[in-house]
Amino acid sequence: STTRSSNREMPADVTSSEGQKEDEPFYADFTTSKKGDTAALGKVWNVLLWKDPMWSGIYLGVALLWFYLTTLGGYTLIGLTSVILLVHLVVTIITSILSAWREGDGLPDKVAPQLDAAAVSKAVGSVVGGANTVMAWYWGILQGKDLPGAAKVVGALFVTYTIGGWMEAYTLLLLAVLSAFGLPVAYDKNRALVDAQVAKLKASLDQAIEKVSAQVNKGKKAADKKEDKKEDKKDD
């Protein structure tokens, strides 16, 4: 009887946790899933959230070394990639030959790694679906159906233009890498404070966008009235 009662109580707990999840801000669930574990990206979020400091430090060090070699070290992107692939090729071949020589069984007949067709098709489908959603949203902006969205795009383009005048592409890439390794873990540790500040910022932006859209709608209504008056005069 105790096991049955515990099993019956489980759905209530699940719904309560989901209810708490629904109350979170729209930007708060990019690091955790409904179960409280890392999100669908899994290992990537583990690295960015510094779940294992050793591997996170290794990945960050590799990214910084790559930035140094391609900017200050004199290597081009294609040249550095070629060097890394060459070193990987030579080291792998030598390791395989030495291991076969030590064991005395000849070169191992290992199966080549293969891609999971179902996973690839699922990933491609999700990418295509996301691209179609973005194109539909942008097409609505181009048609003048989403004026608040157009204002957001204009603001974002102005910000990117201003930042592009201050920094080069490699500097922006370095800042993006440092932000990727710093912002998620900082947000995870200060979630309540960040949520409150972002909510205030979003509310102020929404108010500004509403004011701009209201002025644009007034201009449209005035223009429509003028056109109606002209048509009435023509009819007379």
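This is a predicted model: local features need pLDDT of at least 70, side-chain atom pairs count only at pLDDT 80 or more; totals for chains, interfaces and linings use all residues.
**Entry 1: overall layout.** I walked the chain from the N terminus and found its elements running α-α-α-α-α-α-α-α. That comes to eight helices and zero strands, read as DSSP runs numbered from the N terminus (helices are H or I, at least four residues; strands are E, at least two). Residues are numbered from 1 along each chain as its sequence is written, and side-chain values use heavy atoms, with hydrogens and water left out.

**Entry 2: burial.** I looked up how much of the protein is buried (under 20% relative accessible area, 1.4 Å probe, protein chains only). Buried residues make up 12% of the 236 residues.

**Entry 3: helix α3.** I then turned to α3, residues 53-71. Its 19 residues should span 27 Å at 1.5 Å a residue, and its end C-alpha atoms are 27 Å apart, which agrees; the expected span is 1.5 Å times one less than the number of residues. Ser56, Leu60, Phe67 and Thr70 are buried in α3. They cover an arc of only 100 degrees around the axis, which puts them on the same side of α3; the arc is taken from the directions from the helix axis to the C-beta atoms.

**Entry 4: neighbours.** I checked what covers these buried residues, and it includes α2 (43-48), α4 (77-103) and α7 (169-189). For α4, I listed the contacts (heavy atoms within 4.5 Å): Trp66, Leu69 and Thr70 in α3 meet Leu77, Leu80, Thr81 and Ile84 in α4.

Technical notes. Buried means under 20% relative accessible area, exposed over 50%, partly exposed in between (1.4 Å probe, protein chains only).
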